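Here are my notes on this one, as numbered points to read with the model open beside you.

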Amino acid sequence: MSSISNIEWTDATWNPVRGCTKISDGCKHCYAETFAERFRRVKGHPYQQGFDLRLVPRKLAEPLRWRHPKMIFVNSMSDLFHESVPDQYIISVVEVMVAARWHTYQVLTKRSERLREMLNSSLQFAANQKHIWWGVSVENRKYGLPRIENLQNAQAATRFLSVEPLLEDLGKFNLKGIDWVIVGGESGHGARPMKKEWVVAVRNQCKSEGVSFFFKQWGGVRKSAAGRVLDGKTYDEFPPRIHHPVLDAPECLALAAKFEAAVKNTTLVEISSSNPSLLELAVC
Ligand code: SF4
């Protein structure tokens, strides 16, 4: 969506896919849906189609054009592993991440089974890249704990959990192989409450297991007033970042052109014949 982000744990967002469909309790007040639907039918706006799922091939190579290293949240307005996104498109998104390796990527999904299956097969080429962090959302025990297990069973150099919105006490859970945990409460109108003891329980498990812990926010209707201090402290821990050199500009442009051409061909053939609404053609 943007080269700058207000999200506390990232620098920028990149959305080669836009829109999504709800899958679990954490989606109830999806901020991406609320944002996108505000612009439905606003002519020329990137979210003219609201939250309808679509691919955005012209955004695919964006990180190759960002020459200053950033922490990039991949698909802040969608879920890369949504069942309607073709395998080949996901592979192309990941190929861009491998090519533009001076950035750090945060890939977060609720579709953890597909993440596991692809990281163990067609995405193996990226699984051990330390500049790509793979994460799952954990809002409660029912949906979150199986996702953690799927992530643990996926080949990945760096794994993380986004425990947001935290909707209940998660109890004791397995943090083996997890490098980073973000916790946050829901914010905005109708926000579901988060109890301090639920947060403390996650923090304490992270501390005893040596896992980096980031406390994003208490949330609530007035998010900024509630702040992000926990027991008198701000928790801003991250896993270590890897620094790779930036490719020179002509090489970046050549790679960008190659990736865009490859995706354009694949996507148009595979999607336009079955569901034209999935392919965004508008330029914004
Ligand atoms: S999976 Fe994420 S982007 Fe998709 S509806 Fe749920 S919260 Fe929103």
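1. Helix 4 (residues 112-119) has Ser112, Arg114, Leu115, Met118 and Leu119 as its buried residues. Buried here means under 20% relative accessible area, with exposed over 50% and partly exposed in between (1.4 Å probe, protein chains only). Helices are DSSP runs of H or I with at least four residues, strands are runs of E with at least two, and both are numbered from the N terminus. An α-helix has 3.6 residues a turn, so residues three or four places apart point the same way.

2. What do the buried residues of helix 4 pack against? Their partners are helix 3 (87-99), strand 5, helix 5 (124-127), strand 6 (132-137) and helix 6 (141-152). A contact means heavy atoms within 4.5 Å.

3. A word on the ground rules. This is a predicted model, in which local features need pLDDT of at least 70 and side-chain atom pairs count only at pLDDT 80 or more, while totals for chains, interfaces and linings use all residues. Residues are numbered from 1 along each chain as its sequence is written, and side-chain values use heavy atoms, leaving out hydrogens and water.

4. Now the rings: the whole structure holds 12 aromatic pairs. Rings of Phe, Tyr and Trp (its six-membered ring) pair if their centres lie within 6.5 Å; planes under 30 degrees apart count as stacked, over 60 as edge-to-face and the rest as tilted. Trp9 and Trp180 are edge-to-face, because their planes stand at 85°, with the ring centres 6.2 Å apart. This pair links distant parts of the chain, 171 residues apart: Trp9 is in the segment before strand 1 (12-14) and Trp180 is in strand 8 (residues 180-184). Both Trp9 and Trp180 are buried.

5. Trp14 and Tyr105 make a tilted pair, 6.0 Å centre to centre with 55° between the planes. Trp14 belongs to strand 1 and Tyr105 to strand 5 (residues 104-109), 91 residues apart. Trp14 has a relative accessible area of 0%, and Tyr105 is also at 0%.

6. Ring pairs also build a cluster of Trp9, Phe73, Trp133, Phe160, Trp180, Phe214 and Phe238.

7. Two charges over rings may interest you. Arg18 lies over the face of Tyr47, 5.2 Å from the ring centre, and the charged end of Lys70 sits over the ring of Trp66, 5.6 Å from its centre. The test asks for NZ of Lys or CZ of Arg within 6 Å of the ring centre and within 35 degrees of the ring normal.

8. Have a look at Pro63 in helix 2 (residues 62-65). Pro63 is buried, with a relative accessible area of 0%. Not counting residues up to four places away in sequence, Pro63 touches Trp14, Ile72, Val96, Ala100, Trp102, His103 and Tyr105. Pro63 and Val96 are 33 residues apart in sequence, yet 7.5 Å apart in space, C-alpha to C-alpha.

9. Finally, the whole protein. Its secondary structure comes to nine helices and 11 strands, and buried residues make up 52% of the 284 residues. Among contacts between residues at least 6 apart in sequence, 75% join residues at least 24 apart. Along its principal axes the C-alpha trace spans about 50 × 40 × 30 Å.
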